[in-house]
Amino acid sequence: MYSRNPHLVCTVHPDGVSGIDCMDFRLDPQLVPEESWEPDGASYYNGELVISLEQRLTLRQKIELLDWHPLFTGRCPKCEIPFPKDYLPAVHWDCPNCGWKDDSV
């Protein structure tokens, strides 16, 4: 019960059990074990481990990113041509005008 909640061990026995085994726990023989561990600063998406951008950039780099990246400015950092307001690329922000390539991630 509540195996993924680090704050609540069990709703039946919130203080825990007195021994090693819990009488109310029943192992499901049909259950396929699932990996629930994730390293700090990373998460699994569709079975792939993705490292959070938060972990790769310093605070200064994050602030600088706000000043130049097209996601935040809406413009190409090289030629200043505006991207369409409803444009959200699937992977990279690449400028069709000057050829600037987004390699920030």
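1. R60 is exposed, with a relative accessibility of 64%. The terms are set by relative accessible area: buried is under 20%, exposed is over 50%, and partly exposed lies in between (1.4 Å probe, protein chains only). This is a predicted model, in which local features need pLDDT of at least 70, side-chain atom pairs count only at pLDDT 80 or more, and totals for chains, interfaces and linings use all residues. Residues are numbered from 1 along each chain as its sequence is written, and side-chain values use heavy atoms, with hydrogens and water left out.

2. What does R60 form a salt bridge with? The partner is E64, and the closest N and O atoms are 3.2 Å apart. A salt bridge here is a side-chain nitrogen of Lys or Arg within 4 Å of a carboxyl oxygen of Asp or Glu. The structure holds 1 salt bridge. Side chains of opposite charge can pair when their charged atoms come close.

3. Both R60 and E64 belong to helix α2, residues 59-68. They sit 4 residues apart, about one turn of the helix. Helices are DSSP runs (H or I, at least four residues), and they are numbered from the N terminus. E64 is partly exposed, at 37% relative accessible area.

4. Is H69 buried or exposed? H69 counts as buried, at 6% relative accessibility. A polar atom of the H69 side chain lies 3.0 Å from the backbone nitrogen of L71.

5. Now the aromatic rings. The whole structure has 4 aromatic pairs. One of them is F83 with Y87, a stacked pair with 5.6 Å centre to centre and 5° between the planes. Rings of Phe, Tyr and Trp (its six-membered ring) pair if their centres lie within 6.5 Å; planes under 30 degrees apart count as stacked, over 60 as edge-to-face and the rest as tilted. F83 is buried, at 10% relative accessible area. Y87 is partly exposed, at 31%.

6. Y87 also pairs with W93. This pair is edge-to-face, with 5.4 Å between centres and 85° between the planes. W93 is buried, with a relative accessible area of 8%. Together, F83, Y87 and W93 make one aromatic cluster.

Technical notes. Helices (H or I, at least four residues) and strands (E, at least two) are DSSP runs, numbered from the N terminus. A polar contact is a pair of N or O atoms within 3.5 Å; within protein, one must be able to donate a hydrogen and the other to accept it, and residues adjacent in sequence count only if both atoms are side-chain atoms.
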